[in-house]
Amino acid sequence: MPKLDGKNVLITGASSGIGQAIAIRFAQEGANVAINYRSGAEQAQVTRKIVEESYASMGKPGRKAIVVQADVAYEEQVKAMFQKVLEAFGSLEVLVNNAGIQKPQASHEIEMADFDRVVSVDLRGPFICAREAIRHFLSCGAGGVILNNSSVHEIIPKPKYVSYSISKGGMENMTRTLALEYAGRGIRVNAVGPGAVVTPINRAWIDNPKAKAEVESHIPMGRAAWPEEIASVFAFLASDEASYITGQTIYACGGLTLYPEFRVAWASGE
Ligand code: NAD
């Protein structure tokens with residue numbers, strides 16, 4: 001029995017990278033998926049095509065995939081997105097807050113418009129989406145699941161990425177706060193904290209073998225993750241197999257959160 005059979009799921013930023021992998025994995029688990037994108041409709045349609053091929057190969061012709069445009073930073077666009085998803089599916093059981101951006105800049109040189117944009121997409125947007133999902137879950141009375149795509153930078157500081165680090169740090173407390181507030185009403189809220197993943201957000205190093213080797217030299221497992229390795233954690237947390245887990249961030253980071261500098265006993269005096 002697929003883990004998400006018949007569940008209706010909305011995934012933000014699902015036109016590429018980890019969001020696309022989540023859409024495909026959730027479809028393989030039997031879910032109906034709403035693929036949100038901000039720009040690049042063709043890429044979102046590529047995700048939809050792959051999802052529909054999954055349904056066909058699984059013999060699930062009744063399954064449905066829709067594509068829905070919205071910039072998660074704008075409340076009215078998020079509300080319109082939820083309306084479209086609910087019109088298409090009738091209900092929603094799982095929200096995945098995946099959309100995210102980053103803008104590297106030395107902190108003393110940041111323009112406030114750039115700072116505001118990153119926080120709006122990476123933290124404020126996920127909250128608007130979570131609020132809309134919770135309103136729907138409460139109105140149905142059937143509970144639901146909210147999953148946030150966070151980062152190891154939820155807990156590891158990242159110089160030159162202060163707006164991103166602040167957003168992911170805030171995401172941890174948003175996850176825990178909403179989990180506690182709604183635990184008694186059947187709503188589970190969790191996060192996944194990826195380390196380095198081979199996706200377009202990392203275009204600065206993924207296609208440059210020297211830069212990639214440098215990044216991977218800092219990862220205890222010695223390699224970056226594939227998006228599918230992150231999507232599988234989302235699939236578990238969305239499913240009833242995680243029915244007693246709420247308010248947690250599961251790190252899928254190849255050991256990055258384990259203080260890699262301590263791989264050798266540099267402070268022991270030996
Ligand atoms: P990506 O650039 O491929 O995906 C980001 C997605 O978000 C894209 O589809 C983009 O169109 C969408 N998006 C951006 N702004 C949006 C907006 N305003 N409204 C709606 N959609 C928007 O990169 P990715 O690596 O797949 O990133 C997905 C998530 O994973 C992000 O939240 C990112 O912070 C997180 N993450 C990625 C890594 C990594 O190494 N790739 C590590 C940790 C966390």
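Predicted model: local features only at pLDDT ≥ 70, side-chain atom pairs only at ≥ 80, totals over all residues.
Residues are numbered from 1 along each chain as its sequence is written, and side-chain values use heavy atoms, with hydrogens and water left out.

The structure holds 13 salt bridges, a salt bridge being a side-chain nitrogen of Lys or Arg within 4 Å of a carboxyl oxygen of Asp or Glu. One of them joins Glu 75 and Lys 79, with 4.0 Å from N to O. These two residues are four apart in helix α3 (residues 75-89), and therefore about one helical turn separates them; helices (H or I, at least four residues) and strands (E, at least two) are DSSP runs, numbered from the N terminus. Glu 75 counts as partly exposed because its relative accessibility is 30%, and Lys 79 is partly exposed at 32%, where buried means under 20% relative accessible area, exposed over 50%, and partly exposed in between (1.4 Å probe, protein chains only).

Another salt bridge brings together the side chains of Arg 131 and Glu 132, at 2.9 Å from N to O, and here Glu 132 is buried, with 11% relative accessibility. Glu 75, Lys 79, Arg 131, Glu 132 and Arg 135 are linked in a network of salt bridges. Elsewhere, Glu 229 forms a salt bridge with Arg 223, and their closest N and O atoms are 2.8 Å apart; Glu 229 is partly exposed at 31%, and Arg 223 is partly exposed at 35%.

The aromatic side chains come next. A search of the whole structure finds one aromatic pair. This pair is made by Tyr 259 and Phe 262, whose rings lie edge-to-face, 6.5 Å from centre to centre and with 90 degrees between the planes; rings of Phe, Tyr and Trp (its six-membered ring) pair if their centres lie within 6.5 Å, and planes under 30 degrees apart count as stacked, over 60 as edge-to-face and the rest as tilted. Both Tyr 259 and Phe 262 are exposed. Trp 266, which is placed in the segment after β7 (249-252), is exposed too, because its relative accessibility is 53%.

Ser 239, in the loop between α7 (227-238) and β7, is buried at 1% relative accessibility, and its C-alpha atom is separated by 6.0 Å from that of Leu 4, 235 residues away along the chain. Arg 48, in helix α2 (residues 41-58), is partly exposed at 26%; Arg 48 and Val 67 are 19 residues apart in sequence, and 7.1 Å apart in space from C-alpha to C-alpha.
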